[in-house]
Amino acid sequence: MDKILDIDNIDLKIISLLNEDAKTPYTEIAKKVFVSSGTVHVRMKKLEDMGIVKSATLNIDFSKLGYDISAFLGIYLEKSSLYDTVIEKLKTISEVVSAYYTTGNYSIFAKIICRDTNHLRIVLDNIQKVEGIDRTETLIVLEESINRPIQFFDKEN
């Protein structure tokens, strides 16, 4: 918790700029934040060492690669103690792109991406065969209306 206190507005501005576009060169960020590119590099290393910055990602339009179905999957477990075992099995299914341990109706809420409805059916069959899963509920995405990074505000505000 103490390490979070080491974060200042410059760090937040650097994170915000990279969150908008992870490919932004440090030199460009340095100009926008009014520090040297070396300072940006050092601060990014610090943020990585603290575990705040985990990786840089791409925002991919999967439909242009032939993956037309995105779906959310609510997963009910037989027992909550099976969570770790089930998650390890879900990690082996490449179409599962994210999974969350949740409160509410579902024990696990996952996002899956598939080529088409036939592929979705096959993936769902594989998931439902995982030992420890009682049942699932599938919600097919019709449109992604919002997908944006969180906006950081200055700590003083």
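E88 and K91 pair up through their side chains in a salt bridge at 3.2 Å, N to O; the term covers a side-chain nitrogen of Lys or Arg within 4 Å of a carboxyl oxygen of Asp or Glu. E88 is partly exposed at 46% relative accessibility, while K91 is exposed at 60% (buried is under 20% relative accessible area, exposed over 50%, partly exposed in between, with a 1.4 Å probe and protein chains only). The model is a predicted one, so local features need pLDDT of at least 70 and side-chain atom pairs 80 or more, whereas totals for chains, interfaces and linings use all residues. Numbering starts from 1 along each chain as its sequence is written, and side-chain values rest on heavy atoms, with hydrogens and water left out.

The whole structure holds ten salt bridges. One of them joins R43 to D8 at 2.7 Å, N to O. Because R43 sits in helix α3 and D8 in the segment before α1, this pair ties together parts 35 residues apart in sequence; helices here are DSSP runs (H or I, at least four residues), strands likewise (E, at least two), numbered from the N terminus. R43 is buried at 17% and D8 partly exposed at 28%. K46 bridges to D11, with the closest N and O atoms 2.8 Å apart. D11 is buried at 0% relative accessibility, and K46 is partly exposed at 26%. Shared partners join D8, D11, R43 and K46 into one salt-bridge network.

In α4, the buried residues are Y83, V86, I87 and L90. They lie on the same side of α4, because their arc around the axis (taken from the directions from the helix axis to the C-beta atoms) is only 100°.

On the outside, L65 belongs to the loop between α3 and β1 and is exposed at 59% relative accessible area.
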